[in-house]
Amino acid sequence: MKAKTAVRSSGVQTQSHLSVDSQVYTAGTTAIGVFACAIGLWAVACLIGGIMSSGGPFALVGNWFSAVFGI
């Protein structure tokens, strides 16, 4: 005789609960990353604007030296 056994799935669900401090650290890190990207994009935009207004990258360097050293 073969014995048959019935297999029942219990339908157990697992949930992961992040602690509040972990969520705060994640939100803080995300905010710092977004602001750092915004500052970097602003710096690139200013550099491109300076290159365009001075007439090219070499003119920008020359104008920077004359502004810093008073030449």
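**Notes on the predicted model**

1. The side chain of S54 makes a polar contact with the backbone oxygen of I51 at 3.4 Å, where a polar contact is a pair of N or O atoms within 3.5 Å, one able to donate a hydrogen and the other to accept it within protein, and where residues adjacent in sequence count only if both atoms are side-chain atoms. The side chain of S54 also reaches the backbone nitrogen of L60, again at 3.4 Å. S54 itself is found in helix α1, and, once its neighbours within four places in sequence are left aside, S54 is in contact with A59, L60 and N63 (contact meaning heavy atoms within 4.5 Å).

2. On provenance, this is a predicted model, in which local features need pLDDT of at least 70 and side-chain atom pairs count only at pLDDT 80 or more, while totals for chains, interfaces and linings use all residues. Residues are numbered from 1 along each chain as its sequence is written, and side-chain values use heavy atoms, with hydrogens and water left out.

3. The protein chain has two helices and zero strands, these being DSSP runs numbered from the N terminus (helices H or I, at least four residues; strands E, at least two). Helix α1 covers residues 20–54, and its 35 residues at 1.5 Å a residue should span 51 Å, which agrees with the 51 Å between its end C-alpha atoms; the expected span is 1.5 Å times one less than the number of residues. After α1 comes G55, whose phi is positive, near 105 degrees.

4. Buried residues make up 4% of the 71 residues in the protein chain, where buried means under 20% relative accessible area, exposed over 50%, and partly exposed in between, with a 1.4 Å probe and protein chains only. The accessible surface of the chain comes to about 6,800 Å², and 69% of that surface belongs to carbon and sulfur atoms; the areas come from the Shrake-Rupley method with a 1.4 Å probe, and for residues only the protein chains shown count as cover.

5. N63 lies in helix α2, which runs over residues 57–69, and N63 is partly exposed at a relative accessible area of 42%. The C-alpha atoms of N63 and G50, 13 residues apart along the chain, are separated by 9.9 Å. The backbone oxygen of N63 lies 3.3 Å from a polar atom of the side chain of S66, a residue also found in helix α2 and partly exposed at 28%.

6. How many aromatic pairs does a search of the whole structure find? The search finds two, a pair being rings of Phe, Tyr and Trp (its six-membered ring) with centres within 6.5 Å, counted as stacked with planes under 30 degrees apart, edge-to-face over 60 and tilted for the rest. The rings of W64 and F65 have centres 5.1 Å apart and planes at 75 degrees, so this pair is edge-to-face. F65 and F69 form a stacked pair, with 5.7 Å centre to centre and 15 degrees between the planes; being four residues apart in helix α2, they are separated by about one helical turn. F65 is partly exposed at 40%, whereas F69 counts as exposed at 53%.

7. A search of the whole structure finds zero disulfides, a disulfide being a pair of cysteine sulfur atoms within 2.5 Å. C37 is exposed at 51% relative accessible area, and C46 is partly exposed at 45%.
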